[in-house]
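Colleague: Could we go through this structure together, step by step? I would like to begin with the way contacts are counted.

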Amino acid sequence: MDRGSPVPLYFQLSQQLESAIERGKLAPGSLLGNEIELAGRLGLSRPTVRQAIQSLVDKGLLVRRRGIGTQVVHSQVRRPMELSSLYDDLEAAGQRPATRVLRESVGEATAEVAAALGVSEGAEVRSVERLRLTHGEPMAYMRNHLPADLLPLERAELESTGLYRLMRAAGVTLHSARQAVGAKAADAAEAELLGEERGAPLLTMQRTTYDDTGRPVEYGAHLYRASRYAFDFQLLVRP
C-alpha cells in the first residue's frame, strides 16, 4: 500500500484484490479472512477494509455468505472487441464454458434477420438459441441465424464446442463483422434464463459476420449479464 498516494487506501486494496482474482491467485470459492483479521494483517483500519470488500461485492467478484464469510466468486469475463466466439474467449480465460441448446430449427427469416443476412423476408434460415454457462452459472443468452444451406448443425456438436469452430470446420472462412453493443433491463423471461433479478442490467450485442467473399454467414443477437461480463476496447489516436 502506498500511504503517500492520493489514491484512497480502500481503492488500492480493492484493485489488488481484483487483480489477484482475475489472475487466479484468489480462485473461485476462496475465503478471505474476516475484516478484523485482514485489517490487522495489512495494517489498515477496519472501515478501509470493509469499504474495499464492499466495492468488490458490488462488482460481483466477492459475496458475503452468512456463517461462511466473504468468498471469491467467478471473475468478470472481459471480452476483447475482435472477431472471436464467446466459447473460445471463455475457454482461453479458463472459465470452463458449457452450452445448453434451447432451440434449433429451420424457419422463415423475419425482416430483421433477412436484412442482416441479405436474403428475402420469409426465406429459409437456420436458427439456434443457446444458453452459455461458465462453472455451471449462466453467462449469456444467444440467438444465432445462418443461411439454411450453409452447414448442418447437430445439437450434440453445439453443446460441445463453439459455433464459429463448427463453421470453420465446415470450410467457412470468417473474415469480418459489423457489431453493435448496447444495454437493456432484463424482462421476466430473460431474468429467469440468466439467473438475474427482473430489471437487472444486461449488455446487448448484435453482430453480422461475413466470409471472405463478403457474404453474410451469421447474424447473432446476444444478451450478457453485466455483472459477469464486459467488452474491452483498444482505442488508437488518429494521426
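Modeller: Contact means that heavy atoms lie within 4.5 Å. Please keep in mind that this is a predicted model.

Colleague: Among contacts between residues at least 6 apart in sequence, what share joins residues at least 24 apart?

Modeller: The share is 58% of those contacts in the chain.

Colleague: And how many helices and strands does the chain have?

Modeller: There are 8 helices and 10 strands. As for burial, 43% of the 239 residues of the chain count as buried.

Colleague: Let us turn to the helices. How do the axes of H1 and H3 cross?

Modeller: They come within 8 Å of each other and cross at roughly 45 degrees. That angle makes H1 oblique to H3. The crossing of H1 past H3 is right-handed.

Colleague: Which residues make that contact?

Modeller: From H1, the contact uses Leu-9, Tyr-10, Leu-13, Ser-14, Leu-17 and Glu-18. From H3, it uses Thr-48, Val-49, Gln-51, Ala-52, Ser-55 and Leu-56.

Colleague: What about H2 and H3, at what angle do their axes cross?

Modeller: Helix H2, residues 35-42, and helix H3, residues 46-58, have axes that come within 9 Å and cross at roughly 115 degrees. The two helices are therefore roughly perpendicular to each other. H2 also passes H3 in a right-handed crossing.

Colleague: Which residues meet there?

Modeller: Glu-35, Ile-36, Leu-38 and Ala-39 of H2 meet Arg-46, Val-49, Arg-50 and Ile-53 of H3.

Colleague: How many aromatic pairs does the structure hold?

Modeller: It holds 1 aromatic pair. The ring centres of Tyr-10 and Phe-11 are 6.4 Å apart and the ring planes stand at 80 degrees, so the pair is edge-to-face.

Colleague: Are those two residues buried, partly exposed or exposed?

Modeller: Tyr-10 is partly exposed, with a relative accessible area of 24%. Phe-11 also counts as partly exposed, at 36% relative accessibility.

Colleague: Now the strands, please. How are E1 and E2 joined?

Modeller: Strand E1, residues 62-65, and strand E2, residues 69-72, run antiparallel and are joined by 4 bridges. Arg-64 stands opposite Thr-70 in E2. The two strands form a hairpin with 3 residues between them. In the turn, Gly-67 has a positive phi of about 80 degrees.

Colleague: In what order do the strands of the 6-stranded sheet come?

Modeller: The order is E4-E5-E6-E9-E8-E7, in an open sheet with antiparallel pairing. Strands E4 (97-108) and E7 (174-185) stand at the edges with a single partner strand each, so one side of each is left without a neighbour in the sheet. From one strand to the next, the twist averages 15 degrees.

Colleague: How many bridges join E5 to E6 within that sheet?

Modeller: Strand E5, residues 124-134, is joined to strand E6, residues 137-147, by 10 bridges, and the two run antiparallel. Arg-132 stands opposite Ala-140 in E6.

Definitions and conventions: Residues numbered from 1 in each chain as written. Predicted model: local features only at pLDDT ≥ 70, side-chain atom pairs only at ≥ 80, totals over all residues. Heavy atoms only, no water. Pairing = 2+ DSSP bridges. Phe/Tyr/Trp six-rings, centres within 6.5 Å; stacked < 30°, edge-to-face > 60°. Buried < 20%, exposed > 50% of the residue type's maximum accessible area, 1.4 Å probe, protein only. Axes fitted to C-alpha atoms, helices over the stretch in contact; angles between N-to-C directions. Parallel < 35°, antiparallel > 145°, perpendicular 65-115°, else oblique. Left-handed = near helix turned anticlockwise from the far one by under 90°.
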